[in-house]
Amino acid sequence: MSLVPLPVAIPLGISFLLAGVHRHLSPAVSRPISAVVALANCLLCITLTAAAMNAPATYWLGGWTPRSGVALGIDFYVDPVAGVIAALASFLCFVGFIYSRFLENVGTLFDVLMLGFLAAMCGFAFSGDIFNMFVFFELMSAAAFALCGYKLEESSVTQGAFNFAITNTIGAFFGLMGIGLLYAKTGALNLAQMGAAIGTTPNVYVVTSFVLLITGFLVKSGSVPFHFWLADAHAVAPTPVCLLFSGVMVELGLYAVARIYWTVFDGAFSARRAPVMNTLLLIGVLSAVVGALMCFGQRNIKRLLAFSTISHVGLMTIGVAMLSSAGMAGFLLYVVGHGLVKGALFLNAGVLLDRFQSVDELELHSKGRRIPVCGILFAVAGIMLAGAPVSLTFLGEHAISGDTEHAGLGLLWLVFLFAEVITAGAVLRLTGRVFLGWGKKRPADAGARNIPEKRETTHRGRKSYGWMLVPQSCMLVAAFGCMFIPQLGETWQQGARFFVDRSSYYGTVMMNTAAIGPIPLERSSLTSSLFLSLLATALAIALAGLALSPLWPNKDSLLYRLASPVQVVRHLHSGHVGDYVAFLIFGIACLVAVLWLQIR
Amino acid sequence: MQHLAYFVALWVLLAGLYGVVTSRNYVHLVACVAVLQSATYIILLAAGFRTGGVPPIFYGVPVGTRTVDPVVQALMLTDIVVEATVAALLLSIAVQLHKASGTANPSELEALEG
């Protein structure tokens, strides 16, 4: 019996079971059950990944195998990339369940939603049929909306959840339109079959359906200019939910863009790859820069981390935009590393919320002195965000930078440097302000208005505080330790090679032929990346120190007025859902224009 | 004539998007999102229509009869179910929003600026 459908079926089944008996079950019983399910799911996905290293597995639901080149059923396709992302999702869900032990007023329905969310993420990663991907995408989104708005009593929470829900739903509609157009052209919904039927020329039909499809996924991944919902959603969601959003949900959007491109559209765009590459690069660079600039000006710690997610997702988009196996390998490494580090940061923010009922950096000035271990974890995570050579993100950045130099786009390392220095500098600045008491107390230039936070955790005194730090410590240790897994290089490179090979995908899915065997590992020198990452770390620490010192320009100085474009961008983030949708429409129009003008 | 369906879908899409962008009430906003759904359904159905095709019922008709595509109808039905769930969720959030803040106007809520 194939193990492939189990990572989707088991959480979904247990979720329904818990929903059926939730009136008779207390969270003390359902939470451990859900945690065990998530952990089992993680181990299952790791097993599937290991098995997929030699040959990716396909599973046709209901046994409806394809006949003479026509896919009759829906398939799940597991290759190393999909397996690793599903394993990451399961692991982060497991950590979320462990942390949610500390939350109060969170009943069994929270577990139901989280398990449904997990099942949908795994199904989304595995699915080989585009409409099936859409259905899992909607399930993932609906569970996310409900989880985001879980603390329904506060108006800011419902507003954030509403902005999130409307923007993502409209993005999904555009994706569905793209699916409709693609079905009209190719007559198929299976990714492999569509890739074979789409033809070899990028005419306006192909370009429009490509843009519509990736819009839905780029909205989910929080790429500029579709990113406005992300900060609002993260600011109001409960901590374990933020962990999942930043850790794996937004990265799944990018994964889908890459999957759709490589299985369906590569045939049509293969002669003219540069336009697609340039468009995705533009989105990536824009996200990295805007995310970093917005991140630095935030005073709400959760919003700060959300904008840094937008920035790092921009860097991952650069990896995808390279349209090569090295770029995809770097993307995968970056996703895992960033997921673990960002998750640890959000859990730390949750500890601050628990101790001091606030995640406002200015309000928490020097209050963190009582919990120094948390401060150490913040500092370590901040250094990892800077791409220091102590975490997986360093290896990911190395792979992507190597590939950009290969493609003649060597200056992109400046974007990496900029994004990493500013986002890590923001985290280190808040560490210094909260845990060391540096910086002026309550400076006049305030960032986003303080969102009043209600207590989300049960207060049980000193003992529970120590236990609250365990999940994030484990995650940071994992981010460091994963660098030393012996099979690491092979997994990423092999997985990436399977990912970008359209003919082997078609062969595995439609004709059940064995895929290409293992390919010799490419080793490249780490020295230039080492230099870059140490430079980034040093600059981030320097920036944080500068921001906390009296040298930082205040509101009246000339330097501050030079940064007024940043203030303009910040005013665009108005919290009004109509503005967000207007930017969505504007973004789609620009994408179509940019791509079409390059292809003609 | 086939292309007219796509223009209708575009018109419905633009009307829905205009409604969402300029809405002054959250419940009205959710209704505009429902209008957007209709645009996607029109595109799906237009993609599946065959001129002169009969409904896709394969009982008692000779093999080779021209029918319209049943797959897009199945897609549409699935999508209706999905979007009904999402709309219910959105409306319940809108009701909670009104309960918590006393207003249903997006412009009057400023907690998430910046």
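Modeller: Contact here means heavy atoms within 4.5 Å. Please bear in mind that the model is predicted.

Colleague: Which residues does Asn168(A) touch, not counting residues up to four places away in sequence?

Modeller: Asn168(A) lies in helix H6 of chain A, residues 155–186. Its relative accessibility is 2%, so Asn168(A) counts as buried. Leaving aside residues up to four places away in sequence, the residues that Asn168(A) touches are Phe145(A), Val219(A), Lys220(A) and Trp229(A).

Colleague: How many residues does chain B bring to the contact with chain A, and how many does chain A bring?

Modeller: The contact is counted from both sides, with heavy atoms within 4.5 Å as the cut-off. On that basis chain A brings 50 residues and chain B brings 40 residues.

Colleague: What area is buried between chain B and chain A?

Modeller: The size of an interface is often given as the accessible area lost when the parts come together. Carbon and sulfur atoms give 77% of the area buried between chain B and chain A. The area itself is about 3900 Å².

Colleague: How many residue pairs are in polar contact across the interface of chain B and chain A?

Modeller: Salt bridges between chain B and chain A number 0. For polar contact across the interface of chain B and chain A, the count of residue pairs is 2.

Colleague: Which helix gives the most to the side of chain B that touches chain A?

Modeller: Three helices of chain B, namely H1 (2–21), H2 (26–48) and H3 (70–101), each supply at least two residues of the side that touches chain A. With 16 residues, the helix that gives the most to that side is H3(B).

Colleague: How do the residues of the side of chain B that touches chain A divide into nonpolar, polar and charged?

Modeller: The charged residues on this side of chain B number 5, and the polar ones 7. The nonpolar residues number 28.

Colleague: Which cysteine sulfur is nearest to that of Cys122(A)?

Modeller: A search of the whole structure finds 0 disulfides over all chains. Cys122(A) is accordingly in no disulfide, and the nearest cysteine sulfur lies 4.6 Å away, that of Cys45(A).

Colleague: Is Cys122(A) buried or exposed?

Modeller: The cut-off for buried is under 20% relative accessible area. Cys122(A) has a relative accessible area of 0%, so Cys122(A) is buried.

Colleague: Is Ser68(A) buried or exposed?

Modeller: Ser68(A) lies in the loop between strand S1 (57–60) and strand S2 (75–78) of chain A. Phi of Ser68(A) is near 45°, a positive value in a residue other than glycine. The relative accessibility of Ser68(A) is 75%, so Ser68(A) counts as exposed.

Colleague: Is Leu323(A) buried or exposed?

Modeller: Leu323(A) also has a positive phi, near 50°. Leu323(A) is placed in the loop between helix H12 (301–321) and helix H13 (325–356) of chain A. Its relative accessible area is 7%, so Leu323(A) is buried.

Colleague: How many residues apart in sequence are the parts that the pair Arg299(A) and Asp360(A) ties together?

Modeller: Arg299(A) forms a salt bridge with Asp360(A), with the closest N and O atoms 2.9 Å apart. Arg299(A) lies in the loop between helix H11 (273–296) and H12 of chain A, and Asp360(A) in the loop between H13 and helix H14 (372–385) of chain A, so the pair ties together parts whose separation in sequence is 61 residues.

Colleague: Is Arg50(B) buried or partly exposed?

Modeller: The side chains of Arg50(B) and Asp69(B) meet in a salt bridge, at 4.0 Å from N to O. Both residues lie in the loop between H2 and H3 of chain B, 19 residues apart. Asp69(B), at 11% relative accessibility, counts as buried. Arg50(B) has a relative accessibility of 31%, so Arg50(B) counts as partly exposed.

Conventions
Residues numbered from 1 in each chain as written. Chains lettered and ligands numbered in written order. Predicted model: local features only at pLDDT ≥ 70, side-chain atom pairs only at ≥ 80, totals over all residues. Heavy atoms only, no water. Buried area = accessible area lost by both parts, 1.4 Å probe. Polar contact = N/O pair within 3.5 Å; in protein donor to acceptor, adjacent residues only side chain to side chain. Helix = DSSP H or I, 4+ residues; strand = E, 2+ residues; numbered from the N terminus. Nonpolar A, V, L, I, M, F, W, Y, C, P; charged D, E, K, R; others polar. Disulfide = S-S within 2.5 Å. Buried < 20%, exposed > 50% of the residue type's maximum accessible area, 1.4 Å probe, protein only.
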